[in-house]
Structures are given as C-alpha cells and as structure tokens.
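Welcome! Open your viewer, get ready to select one chain at a time, and follow along.

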Amino acid sequence: MSVKKTVLSPNKLNRRNFLKAAAVTSSTAALAACGSKEAREEFLQRDFRSLSQDQIAKVLQRLETQYEREYGVKFTVSAKEPIPETFFGYALDISRCIGCRKCVYACVEENNQTLEPQMHWIQVLEMEKEKGVDFLHSNLYYDHEEVPHEGHFYLPVQCQQCKNPPCVKACPVGATWATEDGIVVVDYNWCIGCRSCMAACPYGARHYNWGKIQLEAENINPDTHYLGNRPRYKGAVEKCTFCIQRVREGRYPKCVEVCPVGARKFGNLLDKDSEIRYILENKRVLILKEELNTQPKFYYFYGT
Amino acid sequence: MKKFGLATGFIAVFLVSFLFSPRMLAQQDIQVPPPPLSEDFFPCMECHADMDPNPERRVLEEFHDDIELAHDEENRWCMDCHDAENRNMLHSASGELIKFEESYKLCGQCHGPKLRDWKAGIHGRRTGMWNGQKEYLLCAHCHNPHSPRYESMKPEPAPLKPGKIK
C-alpha cells in the first residue's frame, strides 16, 4: 500500500501549484501595497478575543496615533475589561418619555456616530395611544412643533442587548459577541461588512457604515473604548454598546443622563439593590417581540 | 434573665443591620443640587418680615402675579405649603417646618408612591455612577410646584427619510 503524494516540483506547473504560487504572490503584493508598517499591522491584526494583553496594548497605541493623525484630536482608546459580578440591564419608562429626541443626538456625539450618511443608534417611534405598542402604525419621522403630541406616546428603540442575540449567531466570522457583563459588541477591525447581523436583528438596531466616517472636530468624543465609540471604518457594522466606555467605569450611559424626564434607567441586574431590579420587581414590564425568544435585557415599563 | 438578654441582643442586632442595609443608607444619603429659587425673591423674609400674613384667596397683583396656580387649585392656597410665620420655610400638613432643600418631604405627603419611586431612583433623572455616588434632582427642578404638569417642548429634528439620505 503506498500513498500517492503530490510532488511539489517548481518545474511542474499543474493547477494546484499554480494556485499556490498565485496566492503567495498576490498576498505578498497586497502586503507590500499596504505600504507602512502600521497598515501592515492593521491588515494582519487577529480578532480581538484572541489577542494577548501585550498585543491589545500595541493595537490600542496604533489606533491612538492613527486617530490623532486622521482627526486632529488626541484620543484615548481603552480596552477596559468588565467589572466583576456585573450583568447590565436597562429600563425605559414608556409613561414618561415625551419623544424629545434629546437622547438620539446625545448618543450621536458620545459615540462618534458618522454624520453623513446620517446614523442614529436610537430611533424614537411615535405610537397612537389607541393602538398601543404597534410597530406597523408607528412613526419615526414625526415632526411636531411640540411634543408630546396629543393621543400619542413614544417608544425609543435601540439595541435590546439580547441574552440570546440572533445577530451574534448570524455573524460568519465571529466579529460580534456578548461580553461577560452582558453587552453585545462588535470588533470593527474583524467585521467583514456582510451585514448578515443586520438582517438577523429584529429591532433594526445595527447600522452600516456606507462611507468613510464623517465627524465634526469640535464634537468628537476622544474618550473611547475599543469595543465601543472609537471611530469606525467604512464597511463596518456598529450598534449601541450601553456606552461601554462609560459603564465599565461605573458611569451611567449618556442617554440615561441626558433624558430630561428621567425615563431611562440603567443598572446591574445581579445587584438586588439596583434601580433596575427595583423596576423588575415593582413595575409592569414588557420586552419587545418576546415571541422571538431573543431575551432582551432592555425592558420597557410603566412608571405610573 | 439570661434568655431575656439574648433576645434583646438579637433584636438590637436586627435593628442595627436594618439601619445599615444598603437601601436605608441610600435614602439617608440623598444628594441634590440647590433648589431652583430666584434671587429676586429669596429669602422671602426680606419683604415678608414686615408684612401681615393674608391667608385670603385673591388675585395677586403687585407681586408674584406671574404665578399661575394649577395644582389642585380649588383646594389649595399659598399657606397650605408656605409657612405664614417663617416665609423662608415650607410646612407640612401637620405644621412641621420643611426647608426648601428638602421640599420632597412636602410633595411626598400627597404623592407618596412618587416619593418612594424617587428615593429608589425610578422617578426622575439620576446622574453619576450606577455603582456609586448619584445625584438626584428635587421635584421642583422638573415640575413647577405651582403648575406641576411637565411642560411640552420642541423635539430635536426628525431623522432623514431614506430617500433624502445622500
């Protein structure tokens, strides 16, 4: 019994050898075309979860210089890890929200969302009181002189931070995952921009960068997190991260602090004395599209 | 006798532990910014010290004529909340004086469930740390006490419709 072996002879140009040679040549050419050492490192960077602490430190440093050069602002990019014993939950009081959209624009600034084409991680839906929570008859584009508009209520939708996230299952390259503290994050460098996650998300909470990100220098937030609000790339998908750059430092998300009616609540689901646990135990709570078994950690409640 | 001492000890431990449970501590530690008092009018006693209190329900003409009372106005008048003797203070239904800095105690007499939710951080805006120091607002920071319905406001611009995005 002898196993037939393919002999790798440089003289023999069969199909297999040709393809091998072509692959080597083209990837070398691609790397060479990357030019700078920095661009090469970026090209060869592995996915975030497989990086060692040393490698992460190098990546962060590279990003900081890259961003400073590109945007003219000194950035800090952190990769702060989850606070032990935390699992984040969010609650929004539907009986309080007046639909002023202050959260929408505060979020854009805090998280460095591109201005063109316009991107909003938070979408405030206007609904008719008569119809209740009814997406089919909701209006995202309401434009009244004053809100709340008679006979209507408002339901802001953003990433629901599912415990069973369909977007994570849909990603073919593992560029998005749920962290230990319960935040669904994206590695913008590992994302291939296939948008499968966007198709899988039942809440329309994922957004695609159609072009190079456009920011106003004076509104840039330079305090960033690798998995959060650092500037993104054309072709990468992004989403709400509960303001990972803030909450991993113990601060409230921006939308919570900016809401003029105090409709937005945030906290640690594992802490029985937290605001979020008080709401779950004492208020009438609902989640969106419960029938899909996505198990959101974003709860809506009636505070009255 | 020994048994009695043991029981007292247990009760004491129970009471002390209740006193220092996290929620109780949180309530004792309510941090609020100063109340929204106008410098033109406060301290009230600068004018009211020399005036006789007039509890009569009437149209205010010379001063405070901008106050529109829309807060159970059929049953309420100034002296139900403001103290007639010491105008720099408020008073509860039982006559106990209440500082403007602690006006939530006054509001909570009628709005008990709201006060409870506010103390738990559910009603009203909280800022600061989700796992540490928090800052509350007083009822009066968001609700005009004389006309407490939350005022409507102009919304921020609507997002662009897909057809208009370049």
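**Stop one: chain A**

Select chain A: of its 304 residues, 38% are buried, where buried means that 20 or more other C-beta atoms, placed from the backbone, lie within 10 Å of the residue's own. This is a predicted model, in which local features need pLDDT of at least 70 and side-chain atom pairs count only at pLDDT 80 or more, while totals for chains, interfaces and linings use all residues. Residues are numbered from 1 along each chain as its sequence is written, and chains are lettered from A, with ligands numbered from 1, in the order in which they are written.

Now switch to a cartoon view of chain A, which has 9 helices and 12 strands; these are DSSP runs numbered from the N terminus, with helices being H or I of at least four residues and strands being E of at least two. Along the principal axes, the C-alpha atoms of chain A fill a box of roughly 80 × 55 × 40 Å.

**Stop two: chain B**

Next, select chain B, where buried residues make up 11% of the 166 residues. Chain B holds 6 helices and 4 strands, and their order along the sequence is α-α-α-β-β-α-α-β-β-α.

**Stop three: where the chains meet**

Show both chains together. How many residues does each chain bring to the contact? Chain A gives 36 residues and chain B gives 28 residues, with two residues in contact if their C-beta atoms, placed from the backbone, lie within 7 Å. On the side of chain B that touches chain A, α2 (22–28) and β3 (127–128) of chain B each supply at least two residues.

Conventions:
Buried ≥ 20, exposed ≤ 12 C-beta atoms within 10 Å, placed from the backbone.
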